[in-house]
Amino acid sequence: MSRPNASEKKQIPIAEGLFTTPLSPAAQVRLMGSQCKNCREVSLGKRQTCGNCGGVNLEENPLSRRGKLWTYTVIRHKPPGDYRGPEPFVPFGLGLVEMPEGIRFLSPIQCPR
Ligand SMILES: [Zn+2]
């Protein structure tokens, strides 16, 4: 019995409804958004309820491929708790990204170490 290599490992989304499927090839995967048909508020991922007005009439669409990096930081210390990243800890970038759809969210980003 052999172990699967990286390209054969099953890809599991960090949360259901956050990405388009299938999850491979990665270059074609996009973040999903939900837009409220009442107030036009856009949220990250598939949502049942609008966080702005409480409406339940939402439309799901893939978000743009590119956003604007507002600010970033480099996490140089291992987070406390049940951190499941690489051991030993590897510093990583964390950016605040604004999408053309008008939402902002924190995202891991690649950066020099
Ligand atoms: Zn709404």
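Me: In this predicted model, which residues does Thr-20 touch, leaving aside those up to four places away in sequence?
Reply: Thr-20 touches Gln-28, Val-29, Arg-30, Met-32 and Pro-62. Thr-20 itself lies in the segment before strand 1 (32-36).

Me: Why is Thr-20 called buried?
Reply: Buried means under 20% relative accessible area. Thr-20 has 16% relative accessibility, so Thr-20 counts as buried.

Me: What makes the site of the zinc ion tetrahedral?
Reply: The zinc ion is coordinated by Cys-36 (SG), Cys-39 (SG), Cys-50 (SG) and Cys-53 (SG), at 2.3 to 2.4 Å. Four donors count as tetrahedral if all angles lie between 85 and 135 degrees. The angles among the four donor atoms are 102 to 117°, so the site is tetrahedral.

Me: Which parts of the chain does the pair Cys-36 and Cys-50 tie together?
Reply: The donors follow the spacing C-x2-C-x10-C-x2-C along the chain. Cys-36 lies in strand 1, whereas Cys-50 lies in the loop between strand 2 (42-44) and strand 3 (58-62), so the pair ties together parts that are 14 residues apart in sequence.

Me: How do you know whether Cys-36 and Cys-50 are buried or exposed?
Reply: The cut-off for buried is under 20%. Cys-36 has 0% relative accessibility and therefore counts as buried; Cys-50, at 4%, counts as buried.

Me: Why is one side of strand 4 and of strand 6 left without a neighbour in the sheet?
Reply: Three strands form an open, antiparallel sheet in the order 4-5-6. Strand 4 (68-75) and strand 6 (104-109) stand at the edges, each with a single partner strand, so one side of each has no neighbour in the sheet.

Me: What makes strand 5 and strand 6 a pair?
Reply: Pairing requires at least two bridges. Strand 5 (residues 92-98) and strand 6 share six bridges in the antiparallel sense, so they count as paired.

How values were computed
Residues numbered from 1 in each chain as written. Predicted model: local features only at pLDDT ≥ 70, side-chain atom pairs only at ≥ 80, totals over all residues. Heavy atoms only, no water. Helix = DSSP H or I, 4+ residues; strand = E, 2+ residues; numbered from the N terminus. Buried < 20%, exposed > 50% of the residue type's maximum accessible area, 1.4 Å probe, protein only. Contact = heavy atoms within 4.5 Å. Donors = N, O, S within 2.8 Å, 3.2 Å for Na, K, Ca; no water. Tetrahedral: all angles 85-135°; square planar, octahedral: opposite > 155°, others 65-115°.
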